[in-house]
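Here is a short report to read alongside the sequence and the model. Please keep the 3D view open as you go.

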Amino acid sequence: MVACPFPSEKQRRDILMAVSKTMCIAEDVRTASETSSSVLEDIAKQTAGYSGADLSALMSEAQLIAAQAVVIGNACAPQNTFDGESEISHNVEMEPPAITRDNLLQSAAKSRPSLSTKERTRLNRIYNQFASSMQGGAGANTGSDIASAKRVSLA
């Protein structure tokens with residue numbers, strides 16, 4: 001059994017930075033000013049207990065919020081054609097929308113870690129029981145060692 005602890009604040013910030021590199025992000029999102037930290041640093045502080053996958057999902061949700069704002073704001077408008085008929089204009093060459101500070105804050109407000117505090121505590125307890133039962137088993141296993149070992153399960 002291998003324990004994989006949840007990322008620290010610095011690790012969460014690094015994960016958010018890595019995920020955001022593949023996305024179209026507004027300039028002010030990654031950079032900190034002299035008076036305040038970056039939005040990604042703020043989100044890293046607020047997301048204790050989030051896994052890397054949870055943080056990636058948070059960024060994807062922010063991207064969807066940004067895209068939705070563009071779609072709603074740029075609803076297809078009728079365009080007149082040469083023959084006088086109306087036609088819906090679809091801008092296929094559209095740039096991906098930049099994720100803004102507000103998009104990230106909306107996403108962070110909606111998201112939750114995939115494991116509750118109660119579930120994380122339960123899994124830590126199971127791991128600690130397993131690790132403590134294995135402490136005395138550094139040498140060769142004999143039948144009596146195996147028989148006396150505590151059984152640990154996820155149930």
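In which helix does S20 lie? S20 lies in helix α1, which covers residues 9-20.

## About the model

This is a predicted model, in which local features need pLDDT of at least 70 and side-chain atom pairs count only at pLDDT 80 or more, while totals for chains, interfaces and linings use all residues. Residues are numbered from 1 along each chain as its sequence is written, and side-chain values use heavy atoms, with hydrogens and water left out.

## The chain as a whole

The chain has seven helices and two strands; helices (H or I, at least four residues) and strands (E, at least two) are DSSP runs, numbered from the N terminus. Read from the N terminus, the order of elements is α-α-α-α-β-β-α-α-α.

The chain has 155 residues, of which 22% count as buried. Buried means under 20% relative accessible area, exposed over 50% and partly exposed in between, with a 1.4 Å probe and protein chains only. Among contacts (heavy atoms within 4.5 Å) with a separation of 6 or more, 70% come from residues 24 or more positions apart.

Leaving aside residues up to four places away in sequence, S20 touches I25, R30, L40 and M59.

## Where α4 meets α5

Helix α4 spans residues 52-73 and packs against α5 at an angle of about 125°, with the two axes 8 Å apart. Axes here are lines fitted to C-alpha atoms, for helices over the stretch in contact, and angles run from 0 to 180 degrees between N-to-C directions. The two helices, α4 and α5, are therefore oblique to each other: angles under 35 degrees count as roughly parallel, over 145 as roughly antiparallel, 65 to 115 as roughly perpendicular and the rest as oblique. On the α4 side the contact is made by L58, M59, E61, A62, I65 and A66, and on the α5 side by N103, L104, Q106, S107, A108 and K110. By class, the contact of α4 with α5 has seven nonpolar, three polar and two charged residues. Ala, Val, Leu, Ile, Met, Phe, Trp, Tyr, Cys and Pro count as nonpolar, Asp, Glu, Lys and Arg as charged, and the others, Gly among them, as polar.

N103 is worth a look here. This residue is found in α5 (residues 101-110) and counts as buried because its relative accessibility is 8%. N103 touches A62, I65, A66 and A98, not counting residues up to four places away in sequence. A polar atom of the N103 side chain lies 2.9 Å from the backbone nitrogen of T100.

Also in α4 is A67, which counts as partly exposed at 27% relative accessibility.

## Where α3 meets α5

How are α3 and α5 oriented to each other? Helix α3 (residues 39-46) packs with α5 at an angle of about 10°, and their axes are 10 Å apart, so α3 and α5 are roughly parallel. Here V39, L40, D42, I43 and Q46 of α3 meet R101, L104 and A108 of α5. This contact of α3 with α5 has five nonpolar, one polar and two charged residues.

Q46, in α3, counts as exposed at 53% relative accessibility. Q46 and R12 are 34 residues apart in sequence, and their C-alpha atoms are 9.9 Å apart in space.

Methods:
A polar contact is a pair of N or O atoms within 3.5 Å; within protein, one must be able to donate a hydrogen and the other to accept it, and residues adjacent in sequence count only if both atoms are side-chain atoms.
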